[in-house]
Amino acid sequence: MTAPDDDNPFAPRRNTHLVGHEKAERLLLDSWNSGRMHHAWLIAGPPGIGKATLAYRMARFVLAKGGEDQGAGLFGAPPPPESLSVDPEHPAARRIASSGHADLLTIQRTWDEKRKRFKRDLPVDEVRRIAPFLRLTAAEGGWRVVVVDGADQMNPSGQNALLKILEEPPPKALILMAVDNVGAILPTIRSRSRKLHLEPLSEAAVVNLLGRYAPDLDRGDAVALARLSEGSIGRALELHQAGGLDLYRAMLGLLEGMPRLDILAAYKFIDDVLRGNDEASWSAVTELLGWWLQRLARASARQELPPEVVAGEGPLLARLAGPDRRERSLDRWVEVWENTTRLFARADSANLDRRQVLLNALLSIEEAAA
Amino acid sequence: MKITIERAALLRSLGHVQSVVERRNTIPILSNVLLRAENGELALTATDMDLEIVESVPAEIARPGSATAPAHTLYDIARKLPDGSQVELDATGDLLTLRSGRSQFKLGTLPVEDFPAMSGGDMGHRFALSAADLKMLIDRTKFAISTEETRYYLNGIYVHASKTKAGGADVPVLRAVATDGHRLARVEMPLPDGASGIPGVIVPRKTVLEVRKLLDEAADRIEVQLSETKVRFTFDSITLTSKLIDGTFPDYERVIPTGNDKVMEVDPKLFAAAVDRVATISTEKSRAVKLSLDRNVLTLSANSPEAGSATEELEVSYGAAALEIGFNSRYLLDITQQIEGDGARFTMADAGSPTIVRDVADGSALYVLMPMRV
């Protein structure tokens with residue numbers, strides 16, 4: 001019954017450390033202090049930058065402070081709170097961390113015990129738990145908070161189930177939705193929620209956070225990971241755990257020979273990556289390859305090389321996307337990128353042979369590089 | 001924490017509290033029972049975050065303190081220990097050691113701070129009533145609680161203070177009302193001391209059923225505490241605290257007709273048996289039974305295209321104009337089962353209007369039933 005993040009001290013439910021989203025925090029706080037808190041918030045932004053961490057931070061603040069009497073004191077009303085920060089040892093924060101707070105409901109993808117992974121979408125049955133929860137009074141007397149982590153993974157019937165509640169929200173109820181892709185949210189939900197857009201973290205912030213969450217990592221690697229992850233600490237950590245940096249180096253070693261692909265080395269690379277047959281390295285390699293192609297296309301469009309993630313990457317990019325090839329290269333790389341991402345997506349949905357899919361992608365790069 | 005307690009007392013308390021702990025729980029702390037030892041008592045707490053049960057039992061306390069441990073495991077151990085044995089519970093660090101005779105168990109615990117808090121805060125209103133009265137309030141209304149989720153404010157019993165006319169004067173009463181839109185049950189009792197200013201609250205179905213379970217072995221006096229957001233029932237050693245339904249109960253007085261003039265009186269037991277027999281024929285879906293009334297004779301009938309037809313005559317006391325009216329047999333049975341006296345009084349207007357059913361001998365309960373077209 002236990003999902004892997006159950007013991008992770010940095011899971012958003014437990015993590016009280018959030019950086020880089022001061023503006024968004026301020027907006028939430030001002031809205032709270034104004035006394036007219038909107039009932040539904042869409043916290044949007046790329047994956048792994050702290051959307052859920054911000055949602056839980058707000059939940060912690062509301063459940064810890066929201067129940068406090070805000071009545072006038074002897075010397076006038078106390079000043080409104082200045083930050084969303086709550087001591088992690090605060091009783092409400094402890095209960096939120098253990099999922100034992102009776103006024104907080106979390107809706108997220110469920111853990112599939114058989115397949116050892118999270119289910120692909122957020123089932124409507126999970127979403128339907130929200131209504132009965134909000135229709136009961138608060139156990140601790142204050143607000144009731146619902147955190148929907150990955151709201152864009154709800155299917156349309158799930159979203160419609162949520163819509164019912166957003167249309168007629170009970171008083172003192174707060175629904176915080178963390179979404180990677182706002183486009184996947186029905187317009188009817190979007191129009192009833194306040195949007196809070198979070199920006200990717202700065203490279204320095206990711207490097208700092210890596211120092212905190214992965215102290216064993218050396219600084220050079222941390223910078224490389226920060227660049228690879230484009231401002232997403234979540235992605236940087238995922239890549240780190242999946243050995244993403246080594247994978248990226250190996251991948252570049254293979255691509256180094258472009259426009260010729262050493263087919264034997266390619267087979268060996270694929271075998272190495274897919275040995276173990278685990279989800280993490282598969283998703284890491286597809287993501288990295290897609291990301292690298294994207295970078296190539298971008299470099300070729302801008303005619304300007306991005307900062308190197310690993311040393312020696314520049315010449316390769318220059319060779320493949322350099323000015324002498326400009327007329328044809330942009331279209332071509334965009335096309336290769338589109339085709340490979342589509343292929344990877346299909347490999348997941350149609351259960352294609354991963355070896356063949358990877359080989360196919362590499363061969364299409366070779367063809368485009370010629 | 002270190003205590004010694006009799007196996008039977010531990011087993012009985014665990015039996016009470018573990019019933020709210022769900023077997024399959026995704027949240028680890030909710031599978032645990034909170035043990036708190038102080039002042040010569042062990043308090044056991046279990047919750048599903050909608051309601052919480054605390055039971056206190058006397059125990060010999062060597063070292064006060066608290067811990068949380070898996071409820072079902074603890075219950076299973078207590079169940080299997082020999083009768084009459086003494087159990088020692090010793091919590092140190094994140095381990096609970098249970099010793100009894102030559103058996104020893106070590107169970108993992110979770111921090112007490114992680115355990116949900118429901119009992120905090122002052123409730124505001126407090127009154128007491130007898131177990132028999134509470135039992136009556138629940139038993140006579142719970143069958144009418146709606147299970148349909150769209151009208152969630154009907155998924156419980158509405159408890160509030162009101163006034164009723166008796167002998168020309170207004171008498172303050174405590175009322176319990178439940179309805180699912182087809183039938184309504186309203187039961188009242190003299191207002192207990194301290195209940196005059198209570199807010200109207202809707203007690204959720206799950207809480208009602210849990211309270212009813214505990215009532216069977218409860219002492220005679222039950223204390224009720226109420227606030228706008230919570231209700232607490234205190235039986236002698238057990239305290240149940242629950243969330244309420246956050247909604248407005250509809251103005252039910254409006255649907256209780258006042259101008260019905262056609263009165264039928266019948267023995268509820270004979271009537272129920274006859275309805276049950278005739279309903280065998282009515283279709284599974286509608287369960288309709290037709291009541292045809294003419295001077296002191298009631299003819300019950302049911303028709304279904306597949307099964308055929310049935311009729312039964314019953315002697316009743318009825319003096320008004322002839323009337324044909326249809327009801328859902330299930331609802332008729334539910335209501336007549338609540339009537340303990342030898343007379344049920346049906347007050348009707350016509351085939352399309354709600355009917356009132358009451359016990360001839362006992363005015364405390366009133367039922368309203370919508371007819372069906374037959």
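Predicted model: local features only at pLDDT ≥ 70, side-chain atom pairs only at ≥ 80, totals over all residues.
Chain A has 370 residues, of which 49% count as buried. Its secondary structure comprises 16 helices and seven strands. Along the principal axes, the C-alpha atoms of chain A fill a box of roughly 80 × 40 × 40 Å. Contacts between residues at least 6 apart in sequence were also examined; 73% of these in chain A join residues at least 24 apart. The accessible surface of chain A is about 17,600 Å², and carbon and sulfur atoms account for 51% of that area. Chain A carries 48 positive and 50 negative charges, whose mean positions lie 4 Å apart.

Arg332(A) belongs to helix H15, residues 326-350 of chain A. The residue is partly exposed, at 27% relative accessible area. Beyond its sequence neighbours up to four places away, Arg332(A) touches Glu367(A), Ala368(A) and Ala370(A). Ser300(A) is 32 residues from Arg332(A) along the chain, and their C-alpha atoms are separated by 10.0 Å.

At the interface, 21 residues of chain A contact 24 residues of chain B. The area buried between the two chains is about 1,900 Å². Carbon and sulfur atoms give 57% of it. Three salt bridges cross this interface.

Over all chains, the structure holds 43 salt bridges. One of them pairs Glu113(B) with Arg94(A), with the closest N and O atoms 3.7 Å apart. Glu113(B) sits in the loop between strands E9 and E10 of chain B, and Arg94(A) in helix H3 of chain A, so this pair joins two chains. Arg94(A) counts as buried because its relative accessibility, 19%, falls under the 20% cut-off. Glu113(B), at 45%, is partly exposed. Both residues belong to a salt-bridge network that also includes Glu89(A) and Asp114(B).

Two further salt bridges lie within chain B. Lys206(B) meets Asp50(B) at an N to O distance of 3.2 Å. Lys206(B) is in helix H4 and Asp50(B) in the loop between strands E3 and E4, so the pair ties together parts 156 residues apart in sequence. Lys206(B) is partly exposed at 38%, as is Asp50(B) at 23%. Glu324(B) bridges to Lys290(B), with the closest N and O atoms 3.9 Å apart. These residues lie in strands E23 and E19 of chain B, respectively, so their pairing links parts 34 residues apart in sequence. Glu324(B) is partly exposed at 48% relative accessibility, and Lys290(B) is partly exposed at 25%.

Key. Residues numbered from 1 in each chain as written. Chains lettered and ligands numbered in written order. Heavy atoms only, no water. Helix = DSSP H or I, 4+ residues; strand = E, 2+ residues; numbered from the N terminus. Buried < 20%, exposed > 50% of the residue type's maximum accessible area, 1.4 Å probe, protein only. Contact = heavy atoms within 4.5 Å. Areas by Shrake-Rupley, 256 points an atom, 1.4 Å probe, with all protein chains shown as cover. Lys, Arg positive; Asp, Glu negative; His and termini not counted. Charge placed at Lys NZ, Arg CZ, Asp CG, Glu CD. Buried area = accessible area lost by both parts, 1.4 Å probe. Salt bridge = Lys/Arg side-chain N within 4 Å of Asp/Glu carboxyl O.
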